[in-house]
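User: I'd like to learn how to read a few features of a protein model with you. Could we take them one at a time, with the general idea before the case?

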Amino acid sequence: PRLRWALLLGGALAWRLALFVGPQASDDLAYSNAAWDLISEGRLTHGIHGLRLGYVGVMGLFYALAGAGSFTLVLLNLVASIAEIALVRWVAREFLDDAGAWLAAGLVALLPVHVFQGTEAHPDVPLAALTTLSALLLIRGERLQRPGLLVAAGLALGAAHLMKESAFFGLAALFALAGRPARRHLRVLAGYAAVLAVEAGFFWIATGDPFHRYHVVKSLQAGIMSSEFYLQSAPTVRRMLLDTPSMLLWPGNGGYFSFALLPLAALAGAGMALWKRDRLLRGPALWALALIALPALWPISLSPFRPAMVVFPRVFLPAAAPLAILAAFGLRAMHTRLRWAGLGIIVPLFLALAVLLHLDGRYLTEGAQLAYEASRDRTVRTDPRTADLFRLYDGYAEGARVRDWDLPPPAAPYDLVINGTSIRLVKEWYGFRPPADFTPRGGETILRRTIAGRQQLRGLRTGRDYPTAVDDVIVIRYP
């Protein structure tokens, strides 16, 4: 067993480090800025991201202990990713034989979205690990008749809530696992409510509103989902009935590359369990269904109906554990030759798609990294997103070396960084445009590099070439 653990966890760690993602110049910078503000100034900032106290708090702790940077930014995700692989092994053993439990853990270890998010900074991986931990504690508490473990299951789910508010959906998964409701299950709710009460007390002291986080989240999501797109009935119906199944099951959907064959294998495993009348597997099936259906369908408004969440593949990471258990059951139920043939398809596909996700994500910061090296130790003016990225690369060092375009141009000498990728994205996503004085005349161009657009996945899944954005990164030096 020790050798198996070493191979499983050591191999998973090595694979994630080999495909290291790091900053993506997206929401991760909002989390990073919030974590730094929390430990350096003791203040809550950056809207919804800074209110996820578990995530930014642990990130801030890593910053305080080892300094801010690309690795400490994602360290919590890396630890949580490896931890969940171990948790899947333990929880799968409650439903499968020993070989099946190792197989389920191995599927999660290689799952492309798990590998990618393991070194990228969004709270979905810690959320998934804590949700799986709560499920394990509930199952063990029921089997061993230990009420304390039921309270611990609620506390674990409460900790997941501190990472991301969608941990609420985990309650449905826990009660699906628990089966028939009983008074003892109130202990799960008590543990969960205790964490929420402590959080509410904190916000009451800090802001005067114990429900401050709820109000901010509702306002943000209502704004997104009140867009013209979601006020139309056709997109909403499509979202309810087609988008999520397509993302998880259809190779023509970009989200498919994150979970690959795992949902289809899980469906096959659930079908085999139904055919064999294996009632034990009903728990993981309902567990997976709850953690897929609720994020996709939970409404923020009933009249008109509008979904509450923007659905990305990472949103379904908490469902990876039960999907892996069902898939492992199906594979174990096959004839030996068929099982090895199935693994011969799944494993290479998982490895290849993990590499493609890594390559596809690199372009977001490739130009910024080149510009940073060219302008190291120089005063820099650039767009707001690249400025935040440079501050992270600098470890939030004191001083005002980096200025975004919202501030007046610095006195010469300075370097102007024109990061085409970032400028295009902030224009497309937020409508931000460079100010008129962003590119003054004169100066010497010291770097010009063309960055290829996001194209690997699109071409592979469609079988034909698409015109993709090609951005330039330019550094102009003003003496």
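User: Let's start with Asp394: is this residue buried, partly exposed or exposed?

Analyst: Buried means under 20% relative accessible area, exposed means over 50%, and partly exposed is in between. Please keep in mind that this is a predicted model. Asp394 has a relative accessibility of 26%, so this residue counts as partly exposed.

User: Which residue meets the side chain of Asp394 in a salt bridge?

Analyst: For a salt bridge, look for a side-chain nitrogen of Lys or Arg within 4 Å of a carboxyl oxygen of Asp or Glu. Here the partner of Asp394 is Arg401, with 3.0 Å from N to O. Arg401 counts as buried because its relative accessibility is 19%.

User: How many salt bridges does the structure hold?

Analyst: There are 20 salt bridges in the structure. Take Glu94 and Arg143, whose closest N and O atoms are 2.9 Å apart in their salt bridge. Glu94 sits in the loop between helix H5 (70-92) and helix H6 (98-110), while Arg143 belongs to helix H8 (residues 124-144), so this pair ties together parts 49 residues apart in sequence. With 17% relative accessibility Glu94 counts as buried, whereas Arg143, at 49%, counts as partly exposed.

User: What does the salt bridge of Asp97 and Arg332 tie together?

Analyst: First the contact itself: the side chains of Asp97 and Arg332 meet at 2.8 Å, N to O. Asp97 is in the loop between H5 and H6 and Arg332 is in helix H18 (residues 320-333), so the pair ties together parts that are 235 residues apart in sequence. Asp97 counts as partly exposed at 35% relative accessibility, and Arg332 counts as partly exposed at 32%.

User: Which residues are linked in a network of salt bridges?

Analyst: That network links Arg4, Arg89, Arg93 and Asp98.

User: Now a helix. Why is H20 described as largely enclosed by the rest of the structure?

Analyst: The idea is to go through the helix residue by residue and see which ones are buried. In H20 (residues 384-393), 8 of the 10 residues are buried, so the helix is largely enclosed by the rest of the structure. Among the buried residues are Pro384, Arg385, Leu389, Phe390 and Tyr393.

User: And what should I look at around the ends of H20?

Analyst: Check side-chain to backbone contacts and the backbone angles. At the start of H20, a side-chain oxygen of Asp383 comes to within 3.1 Å of the backbone nitrogen of Arg385. Following H20 is Gly395, which has a positive phi, near 70 degrees.

User: Which residues make the nonpolar surface patch of about 240 Å²?

Analyst: Leu13, Leu17 and Phe71 make that patch. Leu17 is part of helix H1 (residues 2-18), and its relative accessible area of 39% makes this residue partly exposed.

User: Last topic, contacts: what does Ala288 touch, not counting residues up to four places away in sequence?

Analyst: Skipping those sequence neighbours, Ala288 touches Ala319, Pro322 and Leu323. Ala288 is found in helix H17 (residues 282-297) and is buried, with a relative accessible area of 4%. Ser166 lies in the loop between helix H9 (147-163) and helix H10 (169-178), and at 15% relative accessibility Ser166 counts as buried. Leaving out residues up to four places away in sequence, Ser166 touches Leu127 and Met309.

How values were computed: Residues are numbered from 1 along each chain as its sequence is written. This is a predicted model: local features need pLDDT of at least 70, side-chain atom pairs count only at pLDDT 80 or more; totals for chains, interfaces and linings use all residues. Side-chain values use heavy atoms; hydrogens and water are left out. Buried means under 20% relative accessible area, exposed over 50%, partly exposed in between (1.4 Å probe, protein chains only). Helices (H or I, at least four residues) and strands (E, at least two) are DSSP runs, numbered from the N terminus. A polar contact is a pair of N or O atoms within 3.5 Å; within protein, one must be able to donate a hydrogen and the other to accept it, and residues adjacent in sequence count only if both atoms are side-chain atoms. Patches are made of residues with over 30% relative accessible area and no salt bridge: like charges are joined within 9 Å, nonpolar side chains (Val, Leu, Ile, Met, Phe, Trp, Tyr) within 5 Å. Accessible areas come from the Shrake-Rupley method with a 1.4 Å probe; for residues, only the protein chains shown count as cover. Contact means heavy atoms within 4.5 Å.
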